[in-house]
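Me: I have a model open and would like to learn how to read it. Could you take me through a few features, beginning with a single residue?

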Amino acid sequence: MASDPAPDDAAAAENGHGNDNGHGNGNGNGNGNGPSPKRARSVISADEIRTEFAHHDAAVARVNNGSFGCCPASVLAAQAHWQGLFLAQPDAFYFHGLQQGLLRSRAAVAEAVGAGDVSEVSLVDNATTAAAIVLQHAAWSFAEGRFASGDAVLMLHYAYGAVKKSIHAYVARAGATVVEVPLPFPVASADAIIAEFRAALAVAKEGGRRVRLAVIDHITSMPSVVIPVKELVAICREEGVDKVFVDAAHSIGQVPVDVRDIGADFYTSNLHKWFFCPPAVAFLHTRKDPIASQLHHPVVSHEYGNGLPMESGWIGTRDYSAQLVVSEAIDFVNRFEGGIEGIRSRNHEKVIEMGMMLAEAWGTFLGTPPELCGSMVMVGMPGCLGVESDDDALRVRTMLRKDFQVEVPIYYNSRRVEGQEMAKDRNGDPVTGYVRISHQVYNVTKDYERLRDAVNKLVSEGFTSINLRPSEKPGIIHLKALWPTT
C-alpha cells in the first residue's frame with residue numbers, strides 16, 4: 001500500500017514551478033486531503049463481499065466485468081467523501097487538496113506497476129484518452145516533419161475499436177501508413193501470435209520504410225487474448241521500431257504488470273476495469289525519455305507545459321474523485337488472501353472452470369488455451385444459433401439481457417484463415433459466435449449456469465439469429481426483433 005502523500009513542496013518540486021501555482025498548502029491532516037488509506041483488515045468473508053457489491057442488480061447474471069469493471073461500496077464511500085469536500089468548498093478542494101490527492105494516487109500506481117519514479121505516471125480518464133495523448137504526438141511528428149509521409153504505424157487487427165479509429169483519426173490522417181497484424185482466432189499458441197507479428201512487421205518495413213510506432217494490446221478486448229507483449233516489445237527493439245505503445249486497458253488486476261520489465265515506451269491500463277476503482281480512471285506510464293516532455297493532454301488547460309502528470313491533473317472543472325481513491329482500492333484488494341495476486345489467480349482458475357463447463361454443455365471449445373487467458377475467456381456458442389454478423393451478435397446479446405437477465409458480450413468471428421476451416425461444434429456446425437465471460441470476486445457459479453441454460457433453451461427451441469433480423473422491406477421491422485420471446 002502506498003504511504004500518505006508527501007508534503008506540498010514535493011508536489012511543487014515535481015511540477016517545477018513552486019507553490020505559487022495554487023496547488024500548495026495542504027498538510028495531509030484532513031484539510032481537504034480526503035480519507036487516508038486504512039490499515040489492512042482480516043481476510044474478507046463471502047458475506048462482506050456480498051455487502052461490498054450489494055448495489056449490483058441481484059436479478060442480473062453479470063458475467064461481463066470486462067466492459068465496465070466494478071467498484072466496492074467501501075471505495076464508493078471514499079469517493080463520496082472527496083465529492084463532498086469539493087461540493088462543500090470547491091476553492092479549498094482545488095487549492096489545498098486536489099494535487100496532493102492525485103500525487104498520492106500516482107505514487108500508489110507507480111508502486112503497483114513497478115515504475116521507476118512517480119513522475120513517470122499520469123492519471124487520465126481511460127485508456128482511450130491515453131491513446132489520444134500518444135497518437136496526438138505521433139501526428140504532430142508527421143505534421144512537423146520529424147516523420148516522413150508514408151512512415152508506418154503497426155497495430156493488431158484486434159486492437160480496440162476506439163483506438164483503431166484514433167490511429168486513423170490522428171496518424172493516418174497525418175500521413176502514416178497503417179499496417180495491421182492479422183492475428184488468427186481461435187488462437188492455438190503465443191508462438192502463432194509472434195509469427196504473425198514478425199510477418200506484419202516485415203511488411204511495414206518494406207521498401208526501407210521506417211516504423212515509427214507499434215501499438216500492441218496486452219489483452220485484446222474482443223476476442224479476448226493475452227498477448228505475449230514482452231516478446232513483441234523485444235522484437236520491436238530488435239527491428240528498429242521507434243516507439244512502442246502498449247494498450248493494456250484490461251491488464252492491471254487481471255495479469256501481472258511490471259512496466260520496466262515489459263519495456264514499452266508508453267503503457268496504459270484502466271483502473272476501473274479490474275482494479276476496483278470507480279469509473280473513470282486510468283494511468284499512462286511514460287518511460288523516462290526526452291519525448292516525455294513533448295507529450296500533452298489533448299484537453300489544453302492552465303497546466304499546459306508543466307509536464308503531462310500536471311496537465312492531466314487539471315483539465316478544467318470536473319469530477320476528479322475517481323482518480324483520488326486508488327489507495328482505497330488497494331486497501332480493498334489487500335483484504336483478500338494474497339492481495340491482487342491472489343484475486344488474479346482465483347479469477348483465472350474460476351473463469352477457465354466456468355468456460356470449460358459452458359463448452360461441455362454446448363459442445364464447443366475455448367477460443368484460446370488457458371495460458372492465453374486472464375480473467376476473461378472466449379467460449380464458442382453452438383453453431384446452430386447462426387450468428388453471421390456483428391449485428392446478429394448484438395441482437396442476441398440484447399435478447400439475453402432482456403429475456404434472460406444475463407449480461408455477456410458476444411463476438412462474431414468473421415476471420416477466415418487461408419487454408420484453415422472454421423472450427424466446428426460437436427454437431428459439425430461452424431462456430432461463428434463466441435461469448436466473452438469474465439470472472440470477478442462477486443461472481444458465483446449460478447451466474448454461468450443461467451447463461452448455460454439460456455443458450456440451451458434457445459437451441460432446444462430451434463432459435464437462430466435470423467429470427468431477430470429486421471425485415472428486408474424498408475421501414476418494416478419484425479416485432480420479434482423488438483420484443484423477442486423465450
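Reply: Gladly! Keep in mind that this is a predicted model. Let's begin with Ser105, which sits in helix H5, residues 90–113.

Me: Is Ser105 buried or exposed?

Reply: Residues under 20% relative accessible area count as buried. Ser105 has a value of 0%, so it is buried.

Me: And which residues does Ser105 touch, leaving aside its neighbours within four places in sequence?

Reply: Its contacts are Leu123, Gln323, Leu324, Val325 and Val326.

Me: Now the sheet, please. In what order do the strands come?

Reply: The general idea is that strands of a sheet pair through backbone hydrogen bonds, in parallel or antiparallel fashion. Here seven strands make an open sheet with mixed pairing, and the order is S2-S8-S7-S6-S5-S3-S4.

Me: Which strands stand at the edges?

Reply: Those are S2 (121–124) and S4 (177–181); each has a single partner strand, so one side of each lacks a neighbour in the sheet. On average, neighbouring strands of this sheet are turned by 20° against each other, direction ignored.

Me: How many bridges join S7 to S8?

Reply: Five, between residues 266–270 of S7 and 282–286 of S8, and the two strands run antiparallel. Within this pair, Tyr267 stands opposite His285 of S8.

Me: Which strands do helices H7 and H8 lie across?

Reply: Helix H7 (residues 161–174) lies across S3 (152–156), S4, S5 (211–217) and S6 (243–247), and runs at about 175° to S3. Helix H8 (residues 190–204) lies across S3, S4 and S5, at about 160° to S4.

How values were computed:
Residues are numbered from 1 along each chain as its sequence is written. This is a predicted model: local features need pLDDT of at least 70, side-chain atom pairs count only at pLDDT 80 or more; totals for chains, interfaces and linings use all residues. Side-chain values use heavy atoms; hydrogens and water are left out. Two strands pair if DSSP finds at least two bridges between them. Helices (H or I, at least four residues) and strands (E, at least two) are DSSP runs, numbered from the N terminus. Axes are lines fitted to C-alpha atoms, for helices over the stretch in contact, and angles run from 0 to 180 degrees between N-to-C directions. Contact means heavy atoms within 4.5 Å. Buried means under 20% relative accessible area, exposed over 50%, partly exposed in between (1.4 Å probe, protein chains only).
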